[in-house]
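This report is meant for someone meeting the structure for the first time. Please keep the sequence and the model in view while reading.

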Amino acid sequence: MSRALVLFAHPCPESFSAALHRTVVERLAGSGWEVDDCDLNAEGFNPVLTRSERRGYHDAPGNVAPVAGYVERLRAADAMVMVFPVWNFGYPAILKGFLDRVFLPGVSFRLVDGKVKPNLTHIRKLAAVTTYGGTRMRAMLVGDPPRKSFKRAVWHVCRPAKTRYLALYDMNRADDARREDFLGRVGREMEAF
């Protein structure tokens, strides 16, 4: 059975992001995936890269010690789905901290002659499910950093066969029908994932 690591980053269980998270987990499991549901807030993940972690950042394999459990989960995954809201044109701090602390040299990438080489190539499928308060145009005017980070940096260290970026823009003005449509789209995408 293939394993999907779902990284969820929102503190409120009543949020639309939480509804998206539930849909992702349910539809993946219903399609035969073994789901490793990593709710970063519920698990109390500490996003802060400490002084000692930064100093030992390039010292693989010892650099994984503070986050060994998360590294193990990442290494066991065949797919990864990130579910998060876009806040201030970026990832929520807890998700950014996960990337800072867990996507380490020797884990997500290798440095070869100063160049980043992918190291998560066992992740065959990659998806992001997200919401933006503002419009797509507004996000584009500032370069849409989360989309670029996901589709370039995260994609690069995995090099998956399938990548999906599912975004609901203009969430601040989305009515029930638009939210339901997006939930349906996410559900269909996860069933076909």
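## Basis of the description

Helices (H or I, at least four residues) and strands (E, at least two residues) are DSSP runs, numbered from the N terminus. The model is a predicted one, in which local features need pLDDT of at least 70 and side-chain atom pairs count only at pLDDT 80 or more, while totals for chains, interfaces and linings use all residues. Residues are numbered from 1 along each chain as its sequence is written, and side-chain values use heavy atoms, with hydrogens and water left out.

## The five-stranded sheet

Five strands form an open sheet in the order E2-E1-E3-E6-E7, with parallel pairing; two strands are taken to pair if DSSP finds at least two bridges between them. Strand E2 (34-39) and strand E7 (162-168) stand at the edges with a single partner strand each, so one side of each is left without a neighbour in the sheet. From one strand to the next the twist averages 15°, where axes are lines fitted to C-alpha atoms, for helices over the stretch in contact, and angles run from 0 to 180 degrees between N-to-C directions.

Within this sheet, strand E3 (residues 79-86) and strand E6 (residues 125-132) pair in the parallel sense over eight bridges, and Ala 79 stands opposite Lys 125 in E6. Helix H3 (residues 68-75) packs on the sheet and touches strand E1 (3-8), E2 and E3, its direction making about 145° with that of E2; contact here means heavy atoms within 4.5 Å.

## A residue inside strand E6

Not counting residues up to four places away in sequence, Val 129 touches Leu 20, Val 24, Val 81, Met 82, Val 83, Phe 84, Leu 166, Phe 182 and Val 186. Val 129 and Leu 7 are 122 residues apart in sequence, and their C-alpha atoms are 10 Å apart in space.

## Helices H1 and H7

Helix H1 (residues 16-30) and helix H7 (residues 176-191) have axes that come within 8 Å and cross at roughly 30°. The two helices are therefore roughly parallel to each other, given that angles under 35 degrees count as roughly parallel, over 145 as roughly antiparallel, 65 to 115 as roughly perpendicular and the rest as oblique. The contact is made on the H1 side by Phe 16, Ala 19, Leu 20, Thr 23, Val 24, Arg 27 and Leu 28, and on the H7 side by Arg 179, Phe 182, Leu 183, Val 186, Gly 187, Arg 188, Met 190 and Glu 191.

Sorted by class, the contact of H1 with H7 has nine nonpolar, two polar and four charged residues; Ala, Val, Leu, Ile, Met, Phe, Trp, Tyr, Cys and Pro count as nonpolar, Asp, Glu, Lys and Arg as charged, and the others, Gly among them, as polar.

## Helix H4

Helix H4 (residues 93-102) is mostly covered, since seven of its ten residues are buried, namely Ile 94, Leu 95, Gly 97, Phe 98, Leu 99, Arg 101 and Val 102. What covers these buried residues of H4 includes E1, helix H2 (51-55), H3 and E3.

## The hairpin of E4 and E5

Strand E4 (residues 109-112) and strand E5 (residues 115-118) run antiparallel and are joined by four bridges, with Lys 115 as the partner of Val 112 in E5. The two strands form a hairpin with two residues between them, and Asp 113 in the turn has a positive phi of about 50°.

Gly 114 lies in the loop between E4 and E5 and counts as exposed, at 69% relative accessibility. Gly 114 and Gly 90 are 24 residues apart in sequence and 27 Å apart in space, C-alpha to C-alpha.

## Backbone features in other loops

A cis peptide bond, with omega of about 5°, joins Ala 60 and Pro 61, and Pro 61 has its place in the loop between H2 and H3.

Asp 144, in the loop between helix H5 (136-141) and helix H6 (145-158), is a residue other than glycine with a positive phi, near 45°, and is buried at a relative accessible area of 4%. Arg 159, found in the loop between H6 and E7, has a positive phi of about 55° although it is not a glycine, and is partly exposed, with a relative accessible area of 42%.

Conventions
Buried < 20%, exposed > 50% of the residue type's maximum accessible area, 1.4 Å probe, protein only.
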